[in-house]
Amino acid sequence: MADCEAFADMTGLVVSTGILGDLVLPAGAFDPGRADEIRELAAQAAVYATQARGPGTLRAYRSAWRQYDAWCAHLGLPALSGDPRLVGMYLTAAAERLAVATLQVHLAAIVTAHRLVGLSLDPGHPSIALLMDGIRRRRGIRPSRQATPISPAMLARMVRAQPDTPLGLRNRAILLAGFGGALRRSEIVGLDAGDVELVDGRGVVLTVRRSKTDQHGAGQAVAVWRSDDPDLCAPTALRRWLEHRDARYSDDPLFVGLRAGGVMTVTRLSDKAVVRLVKSTAEAVGDGDPGLMESTFGSLAVGATRSYSGHSLRAGLATAAAEAEAQIHDVMRQTRHKSVEVARRYMRSSDLWRNNVTEKVMRRT
């Protein structure tokens, strides 16, 4: 601590934010006589501030801040300057290697860092706003990568590929719950044992207590119907895993790690484990179902690289629903999208072919 205080005396005040780690408030931006008070308040605020963002957002913000801070240090400039022109210069340099969406995350992290230490930084300043608008116009805002959606047929193959072991029981439940509930990977691993309600004759209701679009934990219920195909029946897979899991309390994590031999740990599974499961299994079983996927996403043309991720389960349900001509409001109810525009991304490619006039002209016979 002595070294930290000496460093602070020379260059500014070191405060811990909880979101972006330690930030150095430049000398002259605070009253030196109130340094201890500021540190204490910052420590208390850090506890609350950390809860204001989801784990994925926190990781993205920390990574973005580290890159910006390193860039400023390389130039010998203070990262917390409050100067929009400096931020504009950084975004210009970063635009050579980052997608527009990632640049927006970096900007949000930089603005957040300034606000956490009481400094003003206006993201609407022309040095930032006009620059970002120019980058969008030149680079475009279409996502550079999209998760390859998993079709029901491919999902069935992935489920069948799981071993007849406790690990296989858990993995089948993860895959089918993630697909049927259109769950994000963080939502899958965030489920507790008490969040699963089996409904006789219907299926299962999953309670998603916190999500990307529900940061305050209001909670949302998602229903998944039982399937006539035992390989695609989420309620059956979840019931079998619950019986094996044998959780003592309703707030015990539903999905936990497994040691060699299938011995369960008490540690909640990480979202990265879901990514590894989806990627490795999808790549192992192969595509084998080109019709649905090729017709759905134009980006998956011949020679295109398929990018499987934890999001592939969620994208797969939305894509399959679009292929089945589901209404967008019904798709949004299942995926819990707040934006029609975002939800429509899954449906656009299907809409291109539905009631297309060229079919009436070119296929008259």
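Predicted model: local features only at pLDDT ≥ 70, side-chain atom pairs only at ≥ 80, totals over all residues.
1. Basis of the model. Local features require pLDDT of at least 70 and side-chain atom pairs count only at pLDDT 80 or more, while totals for chains, interfaces and linings use all residues. Residues are numbered from 1 along each chain as its sequence is written, and side-chain values use heavy atoms, with hydrogens and water left out.

2. Helices α4 and α6. Helix α4 (residues 84–94) packs against α6 at an angle of about 20 degrees, with the axes 8 Å apart. Helices here are DSSP runs (H or I, at least four residues) and strands likewise (E, at least two), numbered from the N terminus; axes are lines fitted to C-alpha atoms, for helices over the stretch in contact, and angles run from 0 to 180 degrees between N-to-C directions. The two helices, α4 and α6, are therefore roughly parallel (under 35 degrees; over 145 is roughly antiparallel, 65 to 115 roughly perpendicular and the rest oblique). Residues P84, R85, V87, G88, L91 and T92 of α4 are in contact (heavy atoms within 4.5 Å) with S127, I128, L131, M132 and I135 of α6. By class, this contact has seven nonpolar, three polar and one charged residues. Ala, Val, Leu, Ile, Met, Phe, Trp, Tyr, Cys and Pro count as nonpolar, Asp, Glu, Lys and Arg as charged, and the others, Gly among them, as polar.

3. Helices α5 and α6. The axes of α5 (residues 100–116) and α6 (residues 126–139) come within 10 Å and cross at roughly 165 degrees, which means that α5 is roughly antiparallel to α6. On the α5 side, V100, L103, Q104 and L107 take part, and they meet I128, M132, I135, R136 and R139 of α6. Six of these residues are nonpolar, one is polar and two are charged.

4. Helices α13 and α14. Here the axes of α13 (residues 311–323) and α14 (residues 328–335) come within 10 Å, crossing at roughly 160 degrees; α13 is therefore roughly antiparallel to α14. The contact joins R314, L317, A318 and A321 of α13 to V331, Q334 and T335 of α14. It comprises four nonpolar, two polar and one charged residues.

5. The second largest pocket. Its lining consists of 27 residues, and G180, A223, V224, W225 and Q334 lie nearest its centre. On a 1 Å grid over the protein atoms alone, a pocket is an open set of points where a 1.4 Å probe fits, with protein on both sides within 12 Å along at least five of seven lines; lining residues have an atom within 4 Å of a point. Strand β5 gives the largest share of the lining, five residues. By class, the lining has 19 nonpolar, four polar and four charged residues.
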